[in-house]
Amino acid sequence: QVRLVESGGGLVQAGGSLKLSCKAGRTDSSNAMGWFRQAPEKEREFVAAISWIGGTTVYADSVKGRFTISRGNPGNTIYLQMNSLKTEDTAVYYCAARMVSYSNRRATYKARDEYNSWGQGTQVTVSS
């Protein structure tokens with residue numbers, strides 16, 4: 001497992017933007033990473049994921065075209081740029097990671113149980 005620390009959440013008006021960051025505790029780990037979110041009284045749901053190498057990305061339909069996941073350099077930090085925010089995007093956003101083999105370096109993962117490391121979460125509130 002790897003320690004993950006999220007930042008960048010906050011309060012924004014509908015139509016606005018926020019950028020979340022997630023830093024993994026190690027720079028030498030081969031991690032595919034992702035973002036999930038959980039609204040009050042709802043299950044944690046997939047938002048976006050990025051592969052360890054190659055920049056392969058995948059998005060939930062609800063955020064496609066509005067959110068962008070990316071990886072920094074070195075690659076132990078990922079970002080989630082959120083544009084055109086809607087009130088229904090209000091949730092606690094969690095970063096997740098899992099180690100992958102070199103043969104799976106371009107794979108992305110959308111299921112919660114495919115990840116074994118989670119951050120503490122950061123609150124995103126979108127007001128109308």
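Buried means under 20% relative accessible area, exposed means over 50%, and partly exposed is in between, with a 1.4 Å probe and protein chains only. Keep that in mind for the whole talk.

Now, what are we looking at? This is a predicted model, where local features need pLDDT of at least 70, side-chain atom pairs count only at pLDDT 80 or more, and totals for chains, interfaces and linings use all residues. Residues are numbered from 1 along each chain as its sequence is written, and side-chain values use heavy atoms, with hydrogens and water left out.

Let's start with the cysteines. A disulfide here is a pair of cysteine sulfur atoms within 2.5 Å. How many disulfides does this rule give? The count comes to one. The partners are Cys22 and Cys95, with their sulfur atoms 2.0 Å apart. The link of Cys22 and Cys95 is left-handed, with -75° about the S-S bond. Cys22 lies in strand β3 and Cys95 in strand β9 (residues 91-99), so the pair ties together parts that are 73 residues apart in sequence. A word on naming: strands are DSSP runs of E, at least two residues, numbered from the N terminus. Are these cysteines buried or exposed? Cys22 counts as buried because its relative accessibility is 0%. Cys95 is buried too, at 0% relative accessibility.

Stay with β3 for a moment. This strand is mostly covered, as five of its seven residues are buried. Which strands pair with β3? Two strands pair if DSSP finds at least two bridges between them. Strand β1 (residues 4-7) runs antiparallel to β3, and four bridges join them. In that pairing, Ser7 stands opposite Ser21 in β3. β3 also pairs with β8, again in the antiparallel sense, over six bridges. There, Lys19 has Gln81 in β8 as its bridge partner.

Next, the core. A nonpolar core is a set of buried Ala, Val, Leu, Ile, Met, Phe, Trp, Tyr and Cys residues joined through side-chain atoms within 4.5 Å. The largest one has 37 residues, and the members that touch the most others are Met33, Trp35, Leu80, Met82 and Tyr93. Which strands supply this core? β3, β4, β5, β6, β7 (67-71), β8 (77-82), β9 and β11 (122-127) each give at least two residues. In soluble globular proteins, nonpolar side chains tend to be buried together.

Take Tyr93 as an example. Contact means heavy atoms within 4.5 Å. Beyond its neighbours within four places in sequence, Tyr93 is in contact with residues including Leu20, Trp35, Phe36, Val47, Phe67, Leu80 and Met82. Arg37 is also among the contacts of Tyr93.

That brings us to charge. Side chains of opposite charge can pair when their charged atoms come close. We call it a salt bridge when a side-chain nitrogen of Lys or Arg is within 4 Å of a carboxyl oxygen of Asp or Glu. The structure holds five of these salt bridges. Arg37 forms one with Glu45, where the closest N and O atoms are 2.7 Å apart. Glu45 is partly exposed, because its relative accessible area is 36%. Arg37 itself is buried, at 6% relative accessibility. Arg37 also meets Asp89 in a salt bridge, 2.9 Å from N to O. Arg37 lies in strand β4 and Asp89 in the loop between β8 and β9, so this pair ties together parts that are 52 residues apart in sequence. Asp89 is buried, at 1% relative accessibility. Salt bridges that share partners join Arg37, Glu45, Arg66 and Asp89 into one network. Elsewhere, Asp61 and Lys64 meet in a salt bridge at 3.1 Å, N to O. Asp61 is exposed, with a relative accessible area of 67%.

Last stop: two serines in loops. Ser30 lies in the loop between β3 (18-24) and β4 (31-38). Ser30 is buried, with a relative accessible area of 11%. Not counting residues up to four places away in sequence, Ser30 touches Trp52, Arg98, Met99 and Val100.

Ser51 sits in the loop between β5 (45-50) and β6 (57-59). Ser51 counts as buried, at 1% relative accessibility. What lies by its side chain? The backbone oxygen of Ile53 is 2.9 Å from a polar atom of the Ser51 side chain. The backbone nitrogen of Gly55 is 3.4 Å from a polar atom of that side chain.

Notes. Polar contact = N/O pair within 3.5 Å; in protein donor to acceptor, adjacent residues only side chain to side chain.
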